[in-house]
Amino acid sequence: MNIVDVSERGLSFIIPAYNEEDGIAATITRLAAALDRTGLPHEIIVVNDGSTDRTRESAEAMPGVRVISHPGNGGYGNAIKTGILASRFAWIGIVDADGTYDIDLLPQLVDRMHLGFDMVVATRSNVLERDRSVKRFFRRMFLLSFVLLMRGTVRDPNSGFRLFTREMAMTFFPFLCDTYSFTTTITLLATGNARFVDYVPSEYGQRQGSSKVHHFRDSLRMIQLVIQGTTFFNPLKIYGILALLLLVVVGVPAMLMSVLGSETLAMMYLVLGCTMVMLAGLGIMGDIVRVSNAKLPPPTVITSSSHGPRNR
């Protein structure tokens, strides 16, 4: 993997934006003020992910901001990855443009990064209160899957306000999801690979504009990513779970069918069940091989507007 070395001390802050004209200007203003308080050299990169409203124009009107535009909507994670490749500093920050995060906490996150952490996450202590019932259910199911498969403590893996080292992001780059699960994958990989992760409590506010998240689809996708990431750093755990499922869901019922005199049905069930579990295992491993062999894109992007980085 060709990892680009960016060693210049400072903070590159990325704002992925898709149809966020209602909140992008206010987010940039708050972020610029918070960055000035950190005392670090910094830049703000807005990645306009194919917006069809005035997000691009609003961002370009703000001083000290670099705007990168995708020709179409490539996904939340894809926008962040574009920003990472365009960044110039050793630390990366991300925040959503919908006004839900307390950006004033940024100096606290920076202080924790100075202690040597690879990633510092602003955890949303009231996120379940903000969720609707269906979203709350899927979030709890997802967190449960994290607890069952992960080692170490994981808090709010979906938070869109965090800092992390560029080195870590580039190391995991092929595994980072192009959709809303980007934050999930980088949390999963950082925790699973024994990186130093810290958490700062925060409050989750009311968003500006409409949500682009598809709760059912994205929740299933996140569970898939948990399985993928766990296989990457601890394959024995995943295959141990598959073996247990094979025993409980396939082996025991087949044995009961045989005892009850349905030998033919038991054999068919056993063959079908074993085949499905084997295909699932091969699929998981094939996905890991595919991602592991992915080539890292070059660190070049086309910028639609640049008013110069906010360097101090």
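Analyst: Happy to! Let me start with a definition: a residue counts as buried under 20% relative accessible area, as exposed over 50%, and as partly exposed in between, using a 1.4 Å probe and protein chains only. This is a predicted model, in which local features need pLDDT of at least 70 and side-chain atom pairs count only at pLDDT 80 or more, while totals for chains, interfaces and linings use all residues. Residues are numbered from 1 along each chain as its sequence is written, and side-chain values use heavy atoms, with hydrogens and water left out.

Helices here are DSSP runs of H or I with at least four residues, strands are runs of E with at least two, and both are numbered from the N terminus.

R195 is partly exposed, with 22% relative accessibility. The side chain of R195 also forms a salt bridge with E167, at 2.9 Å from N to O. E167 belongs to helix α7 and R195 to the loop between α8 and β7, so this pair ties together parts 28 residues apart in sequence. E167 is partly exposed too, at 42%. Through shared partners, salt bridges join D118, E167 and R195 into one network.

Now for the helix itself, α4, which spans residues 106–114 and has L106, L109, V110 and M113 as its buried residues. These cover an arc of only 100° around the axis, which puts them on the same side of α4; the arc is taken from the directions from the helix axis to the C-beta atoms. Among the elements that cover them are β1 (11–17), α1 (24–38) and β5 (119–124), where contact means heavy atoms within 4.5 Å. Just after α4, G116 takes a positive phi of about 110°.

The structure holds seven salt bridges. Another one joins K81 and D178, whose closest N and O atoms are 2.9 Å apart. K81 is in helix α3 and D178 in the loop between α7 and α8, 97 residues apart. K81 is buried at 10%, whereas D178 is partly exposed at 34%.

Technical notes. Salt bridge = Lys/Arg side-chain N within 4 Å of Asp/Glu carboxyl O.
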